[in-house]
Amino acid sequence: MNSQYTVAKFGGTSVADYSAMQRCAKIIKDDSQVRVVAVSASAGVTNHLVTLTQQKADEQQRLELVQAVLDIQDAILAELSLDADLAQGFEQTITEFKALAMLPALSSQQCDEMLSFGERLSSYLFTQVLRNMDIDAERFDVRKVLKTDNRFGKATPDIAATAVAAHKHLIPMLDEKVIVTQGFIGSDQYGQTTTLGRGGSDYSAALLAEAINARSVHIWTDVVGIFSTDPRLCNKATPIARLSFDEAAEMATFGAKVLHPATILPASRSGIAVFVGSSRDPQAGGTWIEKEKSNTPGIRAVTQRKNQILLTLKSPEMLLASGFLARIFTILSAYNISVDLVTTSEISVAITLDNAQNASRPELDQACLQELSEFCHVTVENNLTLVALIGSEIQLKQHEMNLMQVLSDFNIRLICHGASKHNLCFLVEQSHSDHVVQSIHARLLESA
């Protein structure tokens, strides 16, 4: 049975400056059930840290990047006076950051160490903001609890080890203090710093919620919940009050950027409700994601994910051949390439791959293509966008007339439906994808 604890996560824009941190502190003060707070790096910091890890900067440029990070922290410090315990840790962390930043080359582990400094620094500052509001807050190093493997850059959490560490180090503190910790980072079995990948703070919060058996996890960002599509693209996009875990997972996977896709995994398996709301306007409500199925069947949102590859593999040998698909996926797996959509015909298979800049897999490389071409004809198409209709119990016949009228103006390269009742996906040319999303939203959702 879940406890009454809540884990709150605040993203980079929510802790961007002193006034933003004050708004977040007010949210915590108003909710006594929040016992763990995971913070991101202040907005802009991680971009500077990423540049430092890329090792393209000379010594002067590295000094400038270090100063850019410190400037963001100093602007917040100008409004704060750190307590002795926080000041000591903060200064020590700054010293470590400066030393690492001036190294001309970094190992993969040192890159993760570098990327961790944003969260480590912001958690000192936010703890002080809470204390200034008379909240008994303690900064806690999440690396003591969130345990992972040593796949630096995108580590895989060790769920069992994290639970053991949380019961030993974290849970005994929760009835006495509000714990402020870091998103995005963890440590391997040797205590080396790891990261969960860009945007992993949401995932961290859900993992911590699972480890302490929390009732809910609140993801505070800069938008009022999850919308029917990107509101920057469609001004008639509307927030969705409730989603099932399945619907939310599909939306996050297929392009909704409000929530990290992996966040749903620990929440779903442990029955932890997820709330997404705006730290700028906490009274405006938001989106609740829960285990229960939606009471609203049909299409509820349209998303898009750009920079997709369509890989088409064709061979007459595929006809009646039982091992053809197995051979293809064995090769893709060997190159750590994850597949999104698959459609097949008698002698060909079409596969979509994510080639976005922040994708957690390598680009399709020549060695992989060479292996595939040894037994089939290979075609690679780029500059495509995956558009997904997300909902519950989607039946194509309910929407096919309206949808076909919308899509008749565009070149549709692939359609995938049937593997899940929660999505209907297709590929379009990237140059047209914004227009496709706008047209679908206007036809299927704005008139609903």
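**View 1. Lining of the second largest pocket in the predicted model.** The residues lining the second largest pocket divide into 3 nonpolar, 3 polar and 9 charged (Ala, Val, Leu, Ile, Met, Phe, Trp, Tyr, Cys and Pro count as nonpolar, Asp, Glu, Lys and Arg as charged, and the others, Gly among them, as polar). About 240 Å³ of space lies in this pocket, and of its 15 lining residues Gly-89, Thr-93, Tyr-124, Arg-139 and Asp-141 are the closest to its centre. At least two lining residues each come from α4 (84–101), α5 (108–132) and β3 (137–139), with α4 giving the most, 6 residues. A pocket is an open set of points on a 1 Å grid over the protein atoms alone where a 1.4 Å probe fits, with protein on both sides within 12 Å along at least five of seven lines, and lining residues have an atom within 4 Å of a point; the volume is the space filled by probe spheres set on the points, which are joined across faces, edges and corners. Helices (H or I, at least four residues) and strands (E, at least two) are DSSP runs, numbered from the N terminus.

View 2. Just after α8, Gly-255 takes a positive phi of about 125 degrees.

Residues are numbered from 1 along each chain as its sequence is written. In this predicted model, local features need pLDDT of at least 70 and side-chain atom pairs count only at pLDDT 80 or more, whereas totals for chains, interfaces and linings use all residues, and side-chain values use heavy atoms, with hydrogens and water left out.
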